[in-house]
Amino acid sequence: MLGGLLDEPWTEGAAVEMNFDGLVGPTHNFAGLAFGNVASTKNARQLSSPRAAVLEGLAKMAAVHALGVPQGLLPPQERPRLDVLRRLGFEGDDGAVVGRAAREAPGLLASVYSASAMWAANAATVSPSADTRDGRVHLTAANLVSSLHRSLEAESTGRALRRIFAGERFVVHDALPACETLGDEGAANHTRLHDGGAGLEVFVYGRAAGGARPRRFPARQTREASEAVARLHGVRRALFVRQNPEAIDAGAFHNDVVAVGHERVLLWHEDAFADASDIETMRRELAEEGVELLSWRVSRKELSLSEAIETYLFNSQIVTTEAGWVLVAPAECERSAAARSVIARLTTEGLASVRFLEVRQSMRNGGGPACLRLRVELTDAEREEVKPTCVFTPALHRTLVAWAQRHYRETLAPADLADPALIEESRAALDELTQILDLGGDFYDFQR
Ligand code: SUG
């Protein structure tokens, strides 16, 4: 047993951030399932390209990896979830189940077909060992109860995390009980500020029991859920901050649409938090760890809330490279004069450079670069325990590009979800993937 880990010398080595991206699944489509997510609603029922989506995601992993940042990946989940349709009363063989759902409940069919697990920022909340009382890395799968299609991810996410982060240095917690009071959307509402040592974990929630709610759109994350996760992880220094309801009503369904932290930097829109004095609290708390907060505040005059949501500037990744902090931003920012000038200002305040990446298929469902990745900060000893076949390498990239080109459709229209051939195609792709990633022949339910 690793009791009393805090006394062990290996925990003193500084942790390095590793990004685990969700590998886009073969059924990526635009179903308009996410109320409050403007891009999802706007692009509902358009033609998607699963192949372009997975290749864009892989190219992003390769680009971040080439910047010298360790990169991993999380496998897609099994879709369609025919077990869910059967639980909802659709009977018969697979083709009959899908056919009847397509006729009678196309929304349910789209939900069980959604490839939404690609947005790994919502897979879990992660607390690195430097922050936790027992000196282990804690991960809690998100319950994602705010929508049917996303709630289907929780159990399989837990299973995947346990395969990738096995061993005593990691604690993987099941998702919180699935109810509205405990709505939890994972790392998209959590950021960690630090300077290589113990950090301040900032949990951002949209509503608390008995408290006010946004008027137009749902607040997905609750304070009660955030507190439970911090408690489960044994986080020593946690701060609970309320998201601005106006930001949620403008389409910032997760805090990572309007703010992003990395090391001691916080890049935030002035409308991100309900109480801007929270930034001063963060500054004070961090100072107690001997760290000076670097606040990159963006005013609405520089970039309106609606342009922040259109460009997803705050959904950039900030990564540490040998040359300093690099902003990995969606290509949409390059096409916006306002976003470009914010970035230009940041380069005078400590940002080394920017790298624009095209993740258009994901963006059209409301997912930017930061949505596609789950950050896990790991010491060298912890990194050695990560399942090696889920660590990104140029060789794995080549293998996965060839795999995707063999299995993924060029396009997918809403009506294609009724095609029984899509069930078999998806299974064939995932079956081969379990071999590539050495996940075992029983990873997916259809394999058992
Ligand atoms: O939960 N979109 C996702 C996007 C998640 C983005 N993640 C972060 N911000 N971290 C969501 O709203 C759309 C699916 C559809 O409409 O087909 C969707 O689920």
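Here are some questions and answers on cavities and cores.

This is a predicted model, where local features need pLDDT of at least 70, side-chain atom pairs count only at pLDDT 80 or more, and totals for chains, interfaces and linings use all residues. Numbering runs from 1 along each chain as its sequence is written, and side-chain values use heavy atoms, with hydrogens and water left out.

Q: How many cavities of 30 Å³ or more does a search of the whole structure find?
A: A cavity is a set of points on a 1 Å grid over the protein atoms alone where a 1.4 Å probe fits but cannot get out. Volume is the space filled by probe spheres set on the points, which are joined across faces, edges and corners. By that count, the search turns up five.

Q: Which residues lie closest to the centre of the largest cavity?
A: This cavity holds about 310 Å³ of space. Its lining (residues with an atom within 4 Å of a point) has 27 members, and the closest to the centre are Ala187, His190, Thr191, Arg192 and Arg375.

Q: What is the volume of the second largest cavity?
A: Its lining has 22 residues, with Ala34, Ser116, Trp119, His149 and Asn365 closest to the centre. The volume comes to about 210 Å³.

Q: How many residues does the largest nonpolar core have?
A: A nonpolar core joins buried (under 20% relative accessible area, 1.4 Å probe, protein chains only) Ala, Val, Leu, Ile, Met, Phe, Trp, Tyr and Cys residues through side-chain atoms within 4.5 Å. Phe20, Phe165, Phe273, Met282 and Leu374 have the most contacts inside the largest one, and its residue count is 71.

Key. 1 Å grid on protein atoms, 1.4 Å probe; cavity = no way out; pocket = protein on both sides within 12 Å on 5 of 7 lines; lining within 4 Å. Buried < 20%, exposed > 50% of the residue type's maximum accessible area, 1.4 Å probe, protein only.
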